Amino acid sequence: MTPAPPPVRWGVLSTGRQAAAFAEDLLLLDDAEVVAVGSRTASSARAFAARYGVERAYGGGPGKLAADPDVDLVYVASVNAAHHGAVRTCLEAGKHVLCEKPLTTNVRDAQDLMRLAEARGLLLMEAMWTRCLPAVRRAARLVVEGAVGTPHLLRAATGGRAPAPALARLRDPEGGGALLDSGVYPLALADLLLGTPQYIDARSLSTAPLVDDTTALLLGYPSGAMAELACSFATELPAHADLSGSEARIELPAPFYAADRVLLHPARGPSRAWHLPPTGRGYTHEASEAMRCVRAGLTESPLVPWSATLGVLTVTDAVRRA
């Protein structure tokens, strides 16, 4: 019998709600261990460490965590504008990185990190957990297998009224806005199911300079397919997604970015449904994929390839410029 590999030793950078949810899901994985946490303040890091039984806590940003010799893989969950600097610090210290979406706020910075990861032979993976969920992967396979026929129209939206504590982050012109905060989810789904768009049309509503409160997009593809996408932190939007084609319609019930089911509605014949609930809150799947890639010596994940990350950022760059 082949012995089980030793656990991958994680460092968690940030102590906010997202980092806490991810750490809780890591506790469900036998081959993962959180050994260190880093934050801007030592008190916050110590409180997080005490809550999750983490041995070491570091304040002062990413530097000390990245220098910890016992950390194999760092999960970066800081605010969007801080991703580039934090990930670069970790890569320069020889750490593999799983970074929250969006990987960076623009294509240029993402390419910089990808070049560095490739040169160092380190994994760099955007934490676009939706692409790793069993239900979403099944939906993608159905499209590849021709279950919908020729794809015609994808519709997906996500958004809701942001609570007051989140508004300062969302209205930061360096990395805020609905598009970078939640719009990357429908864009990532469109990239997965339809590929690279040929044209982009978008309109935004804003109450602060350089920050979109609500954005609607229409993307067109060489195949003739279209995607109607929307995102907002100012109003509630239906969070389901569906792809209609010449032979059938695929539906991911709300919230599609955390889907636990996929439904297929053929033009002729009965509908089919697959119930594929995620493990834990769903972050286990991206964590397992990151650890699989580290053990395999990969610098990028086949489930969340760099091309997909750059494809989404190419759209957000174009929309934000406009």
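An open sheet of eight strands, in the order S8-S9-S10-S7-S11-S12-S13-S14, has mixed pairing. Strands here are DSSP runs (E, at least two residues), helices are DSSP runs too (H or I, at least four residues), and both are numbered from the N terminus. This is a predicted model, where local features need pLDDT of at least 70, side-chain atom pairs count only at pLDDT 80 or more, and totals for chains, interfaces and linings use all residues. Residues are numbered from 1 along each chain as its sequence is written, and side-chain values use heavy atoms, with hydrogens and water left out.

- Strand S8 (199-205) and strand S14 (272-275) are the edge strands, each pairing on one side only; two strands pair if DSSP finds at least two bridges between them.
- From one strand to the next, the twist averages 10°. For angles like this, axes are lines fitted to C-alpha atoms (for helices, over the stretch in contact), and the values run from 0 to 180 degrees between N-to-C directions.
- In general, strands of a sheet pair through backbone hydrogen bonds, either parallel or antiparallel.
- Helix H6 (residues 134-144) lies across strand S11 (241-245), S12, S13 and S14, and runs at about 165° to S12; contact means heavy atoms within 4.5 Å.
- Helix H8 lies across strand S7 (151-159), strand S9 (214-220), strand S10 (226-232), S11 and S12, at about 160° to S10.

**The six-strand sheet**

- Another open sheet has six strands in the order S3-S2-S1-S4-S5-S6, and its pairing is parallel.
- Its edge strands, each pairing on one side only, are strand S3 (56-58) and strand S6 (124-127).
- On average, neighbouring strands of this sheet are turned by 25° against each other, direction ignored.
- Strand S5 (residues 96-100) runs parallel to S6, and four bridges join them; Val97 stands opposite Leu124 in S6.
- Helix H2 lies across strand S1 (8-13), strand S2 (32-38) and S3, at about 155° to S3.
- Helix H4 (residues 83-92) lies across S1, strand S4 (73-76), S5 and S6, at about 165° to S5.

**Aromatic pairs**

- A search of the whole structure turns up six aromatic pairs. Rings of Phe, Tyr and Trp (its six-membered ring) pair if their centres lie within 6.5 Å; planes under 30 degrees apart count as stacked, over 60 as edge-to-face and the rest as tilted.
- Phe48 and Tyr52 have ring centres 4.8 Å apart and planes at 50°, so this pair is tilted.
- Both residues sit in helix H2 (residues 42-52), four residues apart, which is about one turn of the helix.

**Cavities**

- The whole structure holds three cavities of 30 Å³ or more. On a 1 Å grid over the protein atoms alone, a cavity is a set of points where a 1.4 Å probe fits but cannot get out, and lining residues have an atom within 4 Å of a point.
- The largest cavity has about 70 Å³ of space, where a volume is the space filled by probe spheres set on the points, with grid points joined across faces, edges and corners.
- Helix H8 (178-194) and helix H10 (306-321) are the elements that give two or more residues to the lining of the largest cavity.
- The second largest cavity has a volume of about 50 Å³, and H10 gives the largest share of its lining, three residues.

Technical notes. On a 1 Å grid over the protein atoms alone, a cavity is a set of points where a 1.4 Å probe fits but cannot get out, and a pocket is an open set with protein on both sides within 12 Å along at least five of seven lines; lining residues have an atom within 4 Å of a point.
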